[in-house]
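The sequence and structure come first.

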Amino acid sequence: AWDGPSWTAMGIFSSYAGSGVIIQNNISNHNSGNIYVYGDDGVQVLNNQVSDSASVDQNKAAGITVQADNAATDSVGLTDVLISGNTVQNNLSGISTQSDGIDIYGVKSGTVSNNTITGSSYDGILVGGSGNITFTGNTFSNNGLLVSDSNAAAIDFRGIPSRDWSLPLGNGGANTLGGFIIQNNSFSGNRNGIWNYDTANV
């Protein structure tokens, strides 16, 4: 378990490890970030059990994070990302910070499917600076209930252009690529099902 404010205190951390990394069938809990992927093209995060971000987390890492350095465009961004079959629950973060189930930033194409995401104190999934992602077959319940933000949601498209690093993943960013598909998901007991700040692009 994690006991201090450091980005290196992850359960599983993969950074620029090359294309086609597979993170599969792991149990990761009580870490600063349970699974954190940075800059890995074609990563697959499959069938993991992720729960309980560290209770003193000052960095607000989500249960699962996949991100790049910059927002995705037609020419840059992570491609063929697959996040599937994971159980992500009770990512509550610290007393003064609140966390998401899954954070996605800088992803140019991908699929998020058949995950169970429950009990995240902030968003079930936060999407920023990304596009061309299909969300299908996921089950969302009781996400976004522990924050004052009335817009917290099971899926949150953050179209706020300025990055504020006091918020999870800099609070996202505009999803200028668009191309999102949301189908055949289940929503129950979340503060909101889908919240879209980014109406210009999503």
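Isoleucine 194 lies in strand S19, residues 194–196; helices (H or I, at least four residues) and strands (E, at least two) are DSSP runs, numbered from the N terminus. The model is predicted: local features need pLDDT of at least 70, side-chain atom pairs count only at pLDDT 80 or more, and totals for chains, interfaces and linings use all residues. Residues are numbered from 1 along each chain as its sequence is written, and side-chain values use heavy atoms, with hydrogens and water left out.

**The surface patch**

Isoleucine 194 counts as partly exposed because its relative accessibility is 41%. Buried means under 20% relative accessible area, exposed over 50%, and partly exposed in between (1.4 Å probe, protein chains only). Leaving aside neighbours within four places in sequence, isoleucine 194 is in contact (heavy atoms within 4.5 Å) with Ala153, Ile155, Phe157, Ile182 and Phe187. Isoleucine 125 is 69 residues from isoleucine 194 in sequence, and the C-alpha atoms of the two are 9.6 Å apart in space.

Ile194 also belongs to a nonpolar surface patch with Ile182 and Phe187, and together they have about 220 Å² of accessible area. Patches are made of residues with over 30% relative accessible area and no salt bridge; like charges are joined within 9 Å, and nonpolar side chains (Val, Leu, Ile, Met, Phe, Trp, Tyr) within 5 Å. A salt bridge is a side-chain nitrogen of Lys or Arg within 4 Å of a carboxyl oxygen of Asp or Glu. Accessible areas come from the Shrake-Rupley method with a 1.4 Å probe, and for residues only the protein chains shown count as cover. Isoleucine 182 sits in strand S17, residues 181–183. With a relative accessibility of 33%, isoleucine 182 is classed as partly exposed.

**Asparagine side chains in loops**

Asparagine 190 is in the loop between strand S18 (186–188) and S19. Its relative accessible area is 15%, so asparagine 190 is buried. Outside its sequence neighbours within four places, asparagine 190 is in contact with Phe140, Ser141, Asn142, Asn143, Leu145 and Ala154.

Asparagine 138 occupies the loop between strands S14 (133–136) and S15 (139–141). Asparagine 138 is buried because its relative accessible area is 0%. Not counting residues up to four places away in sequence, asparagine 138 touches Val112, Ser113, Asn114, Asn115, Asn184, Asn185 and Ser186.

The table gives polar contacts of these side chains. A polar contact is a pair of N or O atoms within 3.5 Å; within protein, one must be able to donate a hydrogen and the other to accept it, and residues adjacent in sequence count only if both atoms are side-chain atoms.

| Side chain | Backbone atom | Distance |
|---|---|---|
| Asparagine 190 | Oxygen of phenylalanine 140 | 3.3 Å |
| Asparagine 190 | Nitrogen of asparagine 142 | 3.3 Å |
| Asparagine 138 | Oxygen of valine 112 | 2.9 Å |

**Loop residues with positive phi**

Asparagine 114, one of the residues touched by asparagine 138, is in the loop between strands S11 (110–113) and S12 (116–118). Phi of asparagine 114 is near 55°, a positive value in a residue other than glycine. Tyrosine 16 is not a glycine either, and has a positive phi of about 50°. Tyrosine 16 lies in the loop between S1 and strand S2 (22–24), and at 49% relative accessibility it counts as partly exposed.

**Parallel strands**

Two strands pair if DSSP finds at least two bridges between them. Strand S1 (residues 10–15) pairs with S4 in the parallel sense over five bridges, and serine 15 has tyrosine 38 in S4 as its bridge partner. Of the six residues of S4, five are buried.

Strand S4 (residues 33–38) is in turn paired with S7, also parallel, over four bridges. Tyrosine 36 has threonine 65 in S7 as its bridge partner, while valine 37 stands opposite valine 66 in S7. Which residues cover the two faces of strand S7 (residues 64–67)? Ile64 and Val66 lie on one side and Thr65 and Gln67 on the other, and all are buried. S7 runs parallel to strand S10 (residues 102–105), joined by four bridges, with isoleucine 64 opposite isoleucine 102 in S10.

**The whole chain**

The chain has 19 strands and zero helices. Of its 202 residues, 54% are buried. Among contacts with a separation of 6 or more, 66% are between residues 24 or more positions apart. The accessible surface of the chain is about 8,000 Å², and 47% of this belongs to carbon and sulfur atoms.
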